[in-house]
Amino acid sequence: MFILLLLLLLTAGSGLRAQAPANSKQAGMASAGPQAAGFDNQHRPITAGGFVKTGPIIFEDVAKQAGLTVWRHQAGTPEKKLILEAKGPGVCLLDYNHDGWLDIYLVNGSTYDALDGKATPPHAALFRNNHDGTFTDVANFAGVTNDRWGYGCAVGDYNNDGWPDIYVTNYGKNRLYRNNHDGTFTDVAEQAGVALGGWSTGATFGDYDGDGKLDLFVGGYIKLDLNNPPLPGTKAAGYGLCLYRDVQVMCGPRGLQGEHDHLFHNNGDGTFTDVSKKLGVDDPNGYYALGALFADVNNDGKPDLLVANDSTPNYLYINKGHGTFENDSYSSGYALNADGREVANMGIAAGDYLNNGHLDIVNTDFADDYNILFQNDGTGFFTDVSYQAGIAISSIPFVGFGDGFLDYDNDGWLDLFIANGHVYPQVNQHPEWGQSYAQRPLLYHNLKNGRFDLVPAVEGTGLAVVSVGRGAAFGDLFNNGKIDVVINNMDGVPVLLRNVNPDHNHWVEMKLIGGPKSPRDAVGSTVYLTAGGIHRRQDVLSGGSYLSSNDMRVHFGLGNLDKVDLVEIHWPSGTVEKLHLPAVDRIYTITEGKGITGALCGGNPCDGNSRAH
C-alpha cells in the first residue's frame, strides 16, 4: 500500500494516474465509481437482457444471410491479460469499386504467435456488395488483408483521383491502401510517410488548410513494449495491482505511458509531412486517444479537430484558418463532463439532432458512468445535456464504443445508436455485479423536443443481439433509403443490422463530388436541406464512431413530405451552391459547380420518367 500511495503522489498532476488501491475501481477507466447492479426480471444483467416480447422491430441481424459470418475477428487470448487485446476493431463503409453500392472493410487483430512469425496472422476482410443482399470477401485479391495487429480504419480520397483509399491503424506500422481503380489496392504508407509505428487508434481525413487536398490525423494510444509487458505488479505497470471491483484485470491505460498524436499535411505529390508539433496538436500530455474526427463545430466553414481520449481530458482544436489551430479543449466545454471529470471517451458521433444547424457530439464511455451528449450552441461551445436529453441513466451499466446519429425511421430527426461490449471478460464470473462481457446495443429515438426515448429490445431482433461490440459504421447498404449498421465484434463474427423499420417515410441521399478546389470526395462539405419549414444539416465526414468510418453520402429523412424546398451545399472550397431536387426517394450525385449529375432509383439509374434534371 505504501508503494501505491507513493506512486499516486509521484504521478499527481502529470495527466496520468497510478493504478488504484485495492478497495477502489480499476484506475484504467475513468468513471463515477461502482454503481448499483442492474438486472432484468429474469435476473440477467441488464446489459445482456431486459428484452421485451413485443414492440417495434427496427433491425434484423442478417450477417449470416449476407455472408459476413464466414469471417471472424481475433485478438490475443480470451483472458485479455494485456490491454493490447481489448481495443479495436473498427469497420469502414466505402464504395471501393465505384458500382454505386457500399462495401464493408472489417479490421482484424492478431495473436502473439503471429507477431512472432509462428502462426498465420488473422486477416482483415473486404466484403464486396453483390447487390442482392449478400457480400463476398475479396480482401486477398484486393491486397488489403493487413497482416498486422489492426485497430481502426478511415476512408478518404487522399490523392483526389476519384477513388476511395483506406488508412488502417495498427499496433506497429500503419497502412495506407491506395485504390488502384481495378479492385485492388497498394500499401503506400512508407512512401507517403504515414506508416508511423507504436500503437495508433482513431484516424480521420480532413482538409485543415483549405488547399483542396485531404490531410490525415492519427491518434496514439499507449507506448507498449511486448518484451516488457504491463502485467499487474510489474514495473511496466507502475507496480499497480490493476483491480476492477477487487478482481485482478489487465492494466491500463492509466499508469502507462501514452503515445503522441500525429497530423500529416498532404503535399499533393503522394507524400505527407508531419506537422503535429508545429501546429500544437501532437498531444504533449501523452493522453490516450481513441476517437478522432475532423468536423466544423463552429460553423465557419473550416474543419476543427476533435479527439476523444480514454480516461483523460478530450481535445478540441479549433481551426483558425491559414493552417493553424487553437486548443479550446477546456474553454469549449468538451474536455470534461458536467461534473468536471475526465471520462473514458471511446467513440465520437456528430450530428444535428435538434435541427438547428449546429453539430452536436456524443462520446461513448465506460461502465459506471454515462455516455455524454455535448450540445453545441453553434459557436463550438458545448454543454453536457446527457441527463436532460434522456440518454445518461440507461447507459450507465454499459461499456459504449461505436456510436452514430442516424434517422432510422426517416422522420427527419436524428436518432442515436450505441454499440456496447465490456473490456474485462472477468465480469462474467461475477454475476452479482449486474454486468456482462457481451452486451446488447442501445437505440434512442428522437422525440423532437431535445429528448430521446430508449427503444425497447424485442426478443429475436437486432436490438437483442448480444456481442462484444466495438466499432460501428452507419450507411445505406441496400440502397433503399434506410440506414443500416455494421458492428465489428471482439473475437467474434460481425453483426449486420438491416433496417426493417416499417415506416413509409420519404428520404433523399446525396453523393457529393468536389470541384478542383475541394477534396474530390467532398470531405468537409456541409449540406443544409429545407423541407416543410424545417432546416436539417448533414456533413461529409471521414472517421468517427469508434475507429470506424461511415457512408459518406449524406442522408435526410423527410417524414411524410414528398417535396424538398431547397438544398444548400457549403463546399470545402468556400463555394455555396443552392439547388432543387426534382423528386424524393432518390440517391443523387451532385458535382460541385455542375449540380445534379446522376440519380439512383432502387439502386439502379432512374428511368426516363423519374430521371433527375
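## Terms and model

Helices (H or I, at least four residues) and strands (E, at least two) are DSSP runs, numbered from the N terminus. The model described here is predicted: local features need pLDDT of at least 70, side-chain atom pairs count only at pLDDT 80 or more, and totals for chains, interfaces and linings use all residues. Residues are numbered from 1 along each chain as its sequence is written, and side-chain values use heavy atoms, with hydrogens and water left out.

## Confidence

pLDDT is the predictor's confidence in each residue, from 0 to 100. The chain averages 93, and 94% of the residues score at least 70. Over residues 1–28 the pLDDT is below 50. Beyond near neighbours in sequence, this stretch has 65 contacts in the model, where a contact means heavy atoms within 4.5 Å. Residues 609–613 also stay under 50. The model gives them nine contacts beyond four places in sequence.

## A four-stranded sheet

Strands of a sheet pair through backbone hydrogen bonds, either parallel or antiparallel. Here, two strands pair if DSSP finds at least two bridges between them. Four strands form an open sheet in the order β6-β7-β8-β9, with antiparallel pairing. At the edges are β6 (149–156) and β9 (185–187), and each pairs on one side only. Neighbouring strands of this sheet are turned by 25 degrees against each other on average, direction ignored. For such angles, axes are lines fitted to C-alpha atoms, for helices over the stretch in contact, and angles run from 0 to 180 degrees between N-to-C directions.

Seven bridges join β6 to β7. Three bridges join β7 (residues 165–171) to β8 (residues 175–179). There, Val168 stands opposite Arg175 in β8. β7 and β8 form a hairpin with three residues between them. In the turn, Gly172 has a positive phi of about 110 degrees.

## Inside strand β7

Is β7 mostly covered or mostly open? Seven of its seven residues are buried, meaning under 20% relative accessible area; exposed is over 50%, and partly exposed lies in between (1.4 Å probe, protein chains only). In a regular strand the side chains alternate between the two faces of the sheet. Both faces of β7 are covered. Asp165, Tyr167, Thr169 and Tyr171 are buried on one side. Ile166, Val168 and Asn170 are buried on the other.

## A five-stranded sheet

Another open sheet has five strands, in the order β34-β31-β37-β38-β39, and its pairing is mixed. β34 (554–559) and β39 (604–605) each have a single partner strand, so one side of each is left without a neighbour in the sheet. Two bridges join β38 (residues 595–601) to β39, and these strands run antiparallel. Leu600 has Pro605 in β39 as its bridge partner.

## Pocket and cavities

Rolling a probe the size of a water molecule over the atoms shows where empty space is left. On a 1 Å grid over the protein atoms alone, a cavity is a set of points where a 1.4 Å probe fits but cannot get out, and a pocket is an open set with protein on both sides within 12 Å along at least five of seven lines; lining residues have an atom within 4 Å of a point. Grid points are joined across faces, edges and corners, and a volume is the space filled by probe spheres set on the points.

The largest pocket has a volume of about 580 Å³. It is lined by 27 residues, and the closest to its centre are Asp95, His98, Lys511, Leu512 and Arg553. β2 (91–94), β31 (506–513), β37 (586–591) and β38 each give two or more residues to this lining. There are six cavities of 30 Å³ or more. The largest cavity holds about 430 Å³. Of its 30 lining residues, Ala350, Phe405, Gln538, Asn550 and Asp551 lie nearest its centre. At least two lining residues come from each of β20 (348–351), β24 (400–406), β28 (469–475), β33 (534–539) and β34.

## Residues in loops

A cis peptide bond joins Gly88 and Pro89, with omega about 0 degrees. Pro89 is in the loop between α2 (63–66) and β2. His43 is not a glycine, yet has a positive phi of about 60 degrees. His43 is exposed, with a relative accessible area of 57%. Arg245 also has a positive phi, near 55 degrees, but at 17% relative accessibility Arg245 counts as buried.
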